[in-house]
Amino acid sequence: NAGHELVSLVATDNSNDDARIANTNDQVRCLVHGKKATLFCTVCKALVCGGCLAQPCHQGHSVIPFNTSSVLDDLNALLDQLGACHVAVGQQLNQRRIKAAALEQAFEDFRADLKKQEAEGREAKNKQLKMYSADINSLEIVQLTIERGVPEARKMIAADKLALALQLRPLLAHTLSVALSP
């Protein structure tokens, strides 16, 4: 853009921080001639006045009429649409964040329930294992008692047989002598 200076058409309204296109009908002027820029040079991509067309830098270039108020209206309408889209996207993003937080909470609740169930299951199994261990210990004690008692019982039975035999011997001898006597 030989000899051209670009002028910003965007102004910021500090009251609500919305970008708006400034109404610059009196501000957009040709920098060479100081006249109102009413044409747009499509080759140089610059706003120019009618006097600029006679300059060698624009000769043979294609130009189109430029009406700042209609362009500004169109740009402001586009900015309004963009702002509405920005708000809608922000709302959707917030809704998705809320859903994501709810899903995370549900997952954490599920995880906590699962850990609780696992702990309860382990506790029940440990309780059952203790009961079985106590039953096994009782059976082992009974088995040891029986195993120890059998030899003692045999000794007692043998002693009782001997005592009985000693007691029965005189009786048996008498019964035999009576039976053998004519």
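Modeller: Along the sequence, the pattern reads β-β-β-β-β-α. That gives one helix and five strands. Helices (H or I, at least four residues) and strands (E, at least two) are DSSP runs, numbered from the N terminus. This is a predicted model, in which local features need pLDDT of at least 70 and side-chain atom pairs count only at pLDDT 80 or more, while totals for chains, interfaces and linings use all residues. Residues are numbered from 1 along each chain as its sequence is written, and side-chain values use heavy atoms, with hydrogens and water left out.

Biologist: How do you know what confidence the predictor has in the residues?

Modeller: From pLDDT, the predictor's confidence in each residue, from 0 to 100. The protein averages 81, and 84% of the residues score at least 70. Over residues 5–26 the pLDDT is below 50. Beyond near neighbours in sequence, that stretch has 31 contacts in the model. A contact means heavy atoms within 4.5 Å.

Biologist: Why is Cys 49 called buried?

Modeller: Buried means under 20% relative accessible area, exposed over 50%, and partly exposed in between (1.4 Å probe, protein chains only). Cys 49 has 1% relative accessibility, so Cys 49 counts as buried. Buried residues make up 9% of the 182 residues in the protein.

Biologist: And why is Cys 85 called partly exposed?

Modeller: Cys 85 has 47% relative accessibility, so Cys 85 counts as partly exposed.

Biologist: How do you know that Cys 49 is in no disulfide?

Modeller: A disulfide is a pair of cysteine sulfur atoms within 2.5 Å. A search of the whole structure finds zero disulfides. For Cys 49, the nearest cysteine sulfur is that of Cys 30, 3.7 Å away.

Biologist: What makes the phi of Lys 45 worth a remark?

Modeller: Phi of Lys 45 is near 55 degrees, a positive value in a residue other than glycine. Most residues other than glycine have a negative phi. Lys 45 lies in the loop between strand 3 (39–41) and strand 4 (46–48). At 54% relative accessibility, Lys 45 counts as exposed.

Biologist: What makes the nonpolar surface patch?

Modeller: Val 142, Ile 146 and Val 150 make the patch, of about 240 Å². Nonpolar side chains (Val, Leu, Ile, Met, Phe, Trp, Tyr) are joined within 5 Å, like charges within 9 Å. Areas come from the Shrake-Rupley method with a 1.4 Å probe; for residues, only the protein chains shown count as cover. Val 150 is found in helix 1 (residues 68–180). At 35% relative accessibility, Val 150 counts as partly exposed.

Conventions
Patch = residues over 30% accessible without salt bridge, like charges linked within 9 Å, V, L, I, M, F, W, Y side chains within 5 Å. Salt bridge = Lys/Arg side-chain N within 4 Å of Asp/Glu carboxyl O.
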